[in-house]
Amino acid sequence: MPDQHSYDFTWQDLGDLVSGRPNLGDTTSVVVYRLMVFTFKDVLSKEIGLAQTRQLFVKAGRLAGMEFCRNLLDKNLEIEAFIAQLKQTLIELKIGVLRIESADLQRLDFTLTVSEDLDCSGLSVLNDSVCDYDEGLLAGIMEEYTGKPFSAKEIDCWATGDRTCRFVVKNLAEHD
Ligand SMILES: [Zn+2]
């Protein structure tokens, strides 16, 4: 009897899209994705508050990032090749266009931008960054790749009036 009070995500839960959607295929509209994200945000924020909701989006993004890395990326690659593969995969999945602005490859600290971001590009300016899920996603990918704790903080966002999202990604093992 499975535990009815919690759910453990596995990559297999995403289903077999080749047999499941032979005509429609494995892509959809960004509108559909954002509709789900923002309605979750609405409902959850009224249940548990916005701050807590945003924390949960980061947490879910982190889980997604770890699974993303495990299932779609090659953890055995050296850092430069790994980043190149990550860039390529983010484009193929139409999540966004990643660019490394600066990197400390010894410490594994990065400042990076994501343009045409799935979560926020084209939104109204809200004077607040909205890419909580992406923060978690980036940290989760790096954690799974390195086995070390990471933080990712969005410092610019389309929703703060910038034309790209900018994240500071830090290897926390080097910052205690
Ligand atoms: Zn953003």
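Q: What are the axes fitted to, and how do the angles run?
A: Axes are lines fitted to C-alpha atoms, for helices over the stretch in contact, and angles run from 0 to 180 degrees between N-to-C directions. This is a predicted model, where local features need pLDDT of at least 70, side-chain atom pairs count only at pLDDT 80 or more, and totals for chains, interfaces and linings use all residues. Residues are numbered from 1 along each chain as its sequence is written, and side-chain values use heavy atoms, without hydrogens and water.

Q: At what angle do helix 3 and helix 5 pack?
A: Helix 3 (residues 50-72) packs on helix 5 at about 40°, and their axes are 6 Å apart. Helices (H or I, at least four residues) and strands (E, at least two) are DSSP runs, numbered from the N terminus.

Q: New topic. Which residues are the zinc donors?
A: Cys120 (SG), Cys131 (SG), Glu154 (OE), Cys157 (SG) and Cys165 (SG) lie 2.2 to 2.6 Å from the zinc ion. Donors here are N, O and S atoms within 2.8 Å of the metal (3.2 Å for Na, K and Ca). Their spacing in sequence is C-x10-C-x22-E-x2-C-x7-C.

Q: What does the pair Cys120 and Cys157 tie together?
A: Cys120 is in the loop between strand 2 (109-115) and helix 5 (132-146), and Cys157 in the loop between strand 3 (150-156) and strand 4 (165-171), so the pair ties together parts 37 residues apart in sequence.

Q: Are those two buried or exposed?
A: Both Cys120 and Cys157 are buried (under 20% relative accessible area; exposed is over 50%, partly exposed in between, 1.4 Å probe, protein chains only).

Q: And Lys94, buried or exposed?
A: Lys94 counts as exposed, at 65% relative accessibility. Lys94 sits in the loop between helix 4 (79-92) and strand 1 (97-104), and its phi is positive, near 55°.
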